[in-house]
Amino acid sequence: MNRLLPRTYWCHADTDSTPKAPPPDDLLTTAPGQALAWVHASVRRLTPGLDRDTRRRDRTWLGDHRSAEAAIRSLRRGQGYAYELPTADGTWRWTAYPVSALPLLPTDQPPRSHA
């Protein structure tokens with residue numbers, strides 16, 4: 001019997017420079033809303049150390065509910081989502097990708113962060 005693998009979302013953050021703080025742990029989740037919430041929480045964690053203009057641009061993005069809804073719809077359609085934030089120390093990039101979970105764990109256990 002061929003059954004579809006459950007869709008999950010892999011979330012990852014990185015930067016093109018040496019970060020002052022370590023990037024957040026990756027996340028594997030079954031809900032696109034949780035994937036976007038992880039991106040938002042990770043971005044918020046970085047916000048206090050940003051210069052005023054970058055912080056303002058970041059807060060505008062965080063408060064944009066239409067773009068958040070569009071990101072969730074995009075993930076549900078099987079498309080990836082990315083947010084980039086150029087800072088004085090380098091560019092940060094957060095991504096969320098739909099992936100198929102391989103049935104290596106019992107199916108009654110939800111995916112967990114691989115932190």
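Colleague: Is Asp-53 buried or exposed, or something in between?

Modeller: As a general idea, a residue is buried under 20% relative accessible area, exposed over 50%, and partly exposed in between, using a 1.4 Å probe and protein chains only. Here Asp-53 is partly exposed, with a relative accessible area of 47%, and Arg-56 is partly exposed as well, at 49%. This is a predicted model, in which local features need pLDDT of at least 70, side-chain atom pairs count only at pLDDT 80 or more, and totals for chains, interfaces and linings use all residues. Residues are numbered from 1 along each chain as its sequence is written, and side-chain values use heavy atoms, with hydrogens and water left out.

Colleague: How many salt bridges does the structure hold, and where is Asp-53 in helix α2 relative to Arg-56?

Modeller: A salt bridge is a side-chain nitrogen of Lys or Arg within 4 Å of a carboxyl oxygen of Asp or Glu, and the structure holds two. One joins Asp-53 and Arg-56 at 3.3 Å, N to O; these residues are three apart in helix α2 (residues 52-62), which means that about one helical turn separates them. Helices (H or I, at least four residues) and strands (E, at least two) are DSSP runs, numbered from the N terminus. The other salt bridge joins Glu-84 and Arg-93 at 2.7 Å, N to O, where Glu-84 is partly exposed at 44% and Arg-93 is partly exposed at 32%.

Colleague: In what order do the four strands form their sheet?

Modeller: Two strands pair if DSSP finds at least two bridges between them. In this open sheet the order is β2-β1-β4-β3, with antiparallel pairing, and the edge strands β2 (27-29) and β3 (81-87) each pair on one side only.
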